[in-house]
Amino acid sequence: MPLLVGRSRSLAAVAAAAEGGRELLLVTQRNPDDQQPDAAGLHRVGVIARVQHVTRLPNGTTRILVDARERVHISRFTVPRNVAAPDSPSDDSASGSNDDAPASRCGGNSASGGAGPHALGLPVQATVKPFPLAVEGADLVSLSVRVRHALTLFEEYTGLQRRIAPEIIGVLQSIDDPVRLTFGIAAHLQIPLDVRQELLEKPTLDALVERVSEVLVTELELLRLERRIDEQVRGSLYQNQREFFLQEQLKAIHKELGNDDGDDLEELERQLTARKLPEEVQTRAMRELRRLRKLSPMSPESAVARGWLDWVAALPWHETSEDTLDISTARDVLEADHYGLKEVKERILDHVAVLSRVGTVRGPILCLVGPPGVGKTSLARSIARSMGRKFVRISLGGVRDEAEIRGHRRTYVGALPGRIVQAMRRAEVVTPVLLLDELDKLGSEWRGDPSSALLEVLDPEQHRAFADHYLEVDYDLSQVLFITTANSLPGIPEALRDRLEVVRLPGYLEPEKLAIASRYLIPRQLEAHGLSPEDVVVDEHVLTTIVRGWTREAGVRDLERRVARLVRKVTRAIAEKGDMALPIVVHEDALSTYLGVAPFDAEDVSTENRVG
């Protein structure tokens with residue numbers, strides 16, 4: 001057997017053996033991590049081996065080829081006379097084995113040959129006595145049968161253990177001596193070092209053969225189990241998908257251990273049953289679940305089916321929110337959030353009143369039409385808050401594909417439901433306020449007309465059974481309060497416009513803008529910049545000048561940007577001059593410093609008809 005020797009004490013022993021009788025004592029240490037074991041750290045049974053060949057390697061280690069001759073029992077370790085012995089010579093040093101692992105296939109042995117622990121590097125000698133296996137008195141016929149049985153077990157072991165060369169069987173079969181045959185079998189077993197040492201220390205051949213057979217039977221059971229798991233896994237997956245192979249192997253191991261109660265499909269089935277789906281949807285979901293159990297986990301159809309079941313389990317089918325259908329509460333919320341807009345507020349209060357009486361309203365869909373910045377989106381959010389409903393917004397600007405509304409058909413792995421169904425999943429209830437924003441910004445191309453797909457969504461006679469291409473089952477949208485917004489009415493197709501009740505928000509007059517700025521915009525910007533209304537005072541004449549000189553719009557979006565810039569400048573002044581007296585009063589003559597040159601003539605407010 002070849003061995004690698006690297007420690008200085010072991011190299012000294014090899015050198016001494018090469019100069020003398022070429023014999024070494026090989027013994028393993030009890031703790032493989034101990035780099036300097038003493039006599040107590042070594043086993044007392046080893047072997048005498050003859051050094052056949054010595055090769056010096058470039059990395060400083062030495063490769064030796066040894067031939068084991070006989071087993072011996074170590075009585076004590078002695079230090080040579082020319083070495084100054086310590087107080088306890090027998091415990092001073094002995095050969096160890098962690099870095100002297102054999103280079104052969106059966107790498108469980110560790111080599112050591114007594115080496116000096118001192119600077120001189122002189123080898124330590126050991127007093128040993130022969131320790132042969134006791135064979136006398138044994139039933140030779142029975143012993144021969146048991147040895148051959150152990151050889152048969154080893155042949156099967158070699159077939160399952162991939163790290164043993166098949167040629168070893170032929171070598172062992174040619175050995176007639178039962179002692180050498182048994183030791184040959186033990187030498188090639190892939191077992192821990194302590195078990196190998198146990199085999200080496202057996203006193204009789206009977207005990208050695210019995211223990212070798214026990215070890216072989218145990219190892220064969222483990223190898224058969226490993227082979228069975230490997231065959232179960234390889235029968236159901238592709239060869240080039242290593243990650244999935246490891247997952248399936250782990251599942252097979254859990255199955256062997258009896259830990260197969262974590263089936264996620266069973267958990268999914270429990271979720272579907274607990275949701276109390278409509279009868280048609282429940283039947284379809286159970287059929288799809290049975291089909292999923294039969295599919296291979298690596299099949300693309302499996303991912304598509306699992307995705308569909310997850311969507312069905314996540315959608316709301318019967319869950320509702322508690323509506324706050326009180327007229328006074330709704331009026332207070334609308335008045336607190338928005339100034340003016342009397343016609344819009346009256347229409348919303350009418351809707352709330354009818355809902356409080358009949359529970360549901362089947363009528364036209366509200367469409368808020370007005371220029372940017374008049375508060376269409378925020379008004380829809382206030383409607384949801386006044387009714388105690390969840391608010392979900394869908395932006396339709398730039399949508400050109402009909403599948404964005406109706407969903408993609410389940411013909412590929414990346415298919416998804418349309419935006420309507422996705423919004424219902426986010427809402428988690430069947431009674432949200434659903435805002436379809438920028439309805440006039442829809443486009444159309446060869447992939448379909450999304451405005452035509454919205455006809456079914458916004459028609460009270462049809463949206464009780466909305467058909468999404470991905471779900472392939474009817475979904476009830478009748479309890480959803482739809483609100484749409486648009487900047488201009490001509491941008492909405494005629495067929496879609498016919499289903500809408502248009503409520504116009506033409507814009508704000510100057511007194512309304514001043515009221516909105518003082519009530520909403522300035523307090524909101526002061527809070528956003530870490531100030532309070534007591535820190536900054538903006539006079540009404542200042543607001544009038546800003547409205548006339550810096551903004552000419554129907555809404556208040558640009559006005560809010562100007563107010564935000566003004567507050568930023570004031571905040572910076574306070575930060576630069578920490579000792580400024582509060583409150584800071586913003587005067588009209590300081591506006592050009594804060595906002596720059598006015599783009600409009602504030603005095604040009606004539607209402608006379610003029611050319612141009």
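**A tour of charges and buried positions**

Begin by selecting Lys441, which is partly exposed at 36% relative accessibility; here buried means under 20% relative accessible area, exposed over 50%, and partly exposed in between (1.4 Å probe, protein chains only). The model is predicted, so local features need pLDDT of at least 70 and side-chain atom pairs count only at pLDDT 80 or more, while totals for chains, interfaces and linings use all residues. Residues are numbered from 1 along each chain as its sequence is written, and side-chain values use heavy atoms, without hydrogens and water.

Asp440 is buried, with a relative accessible area of 11%.

The whole structure holds 32 salt bridges. For another of them, select Lys345 and Glu335, whose closest N and O atoms are 3.3 Å apart. Lys345 belongs to helix α12 (residues 342-358) and Glu335 to helix α11 (residues 327-337), so this pair ties together parts ten residues apart in sequence. Helices (H or I, at least four residues) and strands (E, at least two) are DSSP runs numbered from the N terminus. Lys345 is buried at 4% relative accessibility, whereas Glu335 is partly exposed at 43%.

Now move to Glu501 and Arg347, which form a salt bridge of 2.6 Å, N to O. Because Glu501 lies in strand β12 (residues 500-504) and Arg347 in helix α12, the pair links parts 154 residues apart in sequence. Glu501 is partly exposed, with 24% relative accessibility.

Turn to the surface and select Asp539, Glu540, Glu588 and Asp589, which gather in a patch of negative charge. Such a patch is made of residues with over 30% relative accessible area and no salt bridge, like charges being joined within 9 Å; the place of a charge is taken as CG of Asp or CD of Glu. Asp539 sits in the loop between β13 (536-538) and α19 (540-550) and is partly exposed at 36% relative accessibility.

Finish at helix α4 (residues 178-187). Which of its residues are buried? They are Leu181, Thr182, Gly184, Ile185, Ala186 and Ala187. In an α-helix there are 3.6 residues a turn, so residues three or four places apart point the same way.

Note on methods: Patches are made of residues with over 30% relative accessible area and no salt bridge: like charges are joined within 9 Å, nonpolar side chains (Val, Leu, Ile, Met, Phe, Trp, Tyr) within 5 Å. Accessible areas come from the Shrake-Rupley method with a 1.4 Å probe; for residues, only the protein chains shown count as cover. A salt bridge is a side-chain nitrogen of Lys or Arg within 4 Å of a carboxyl oxygen of Asp or Glu. Lys and Arg count as positive and Asp and Glu as negative; His and the chain ends are not counted.
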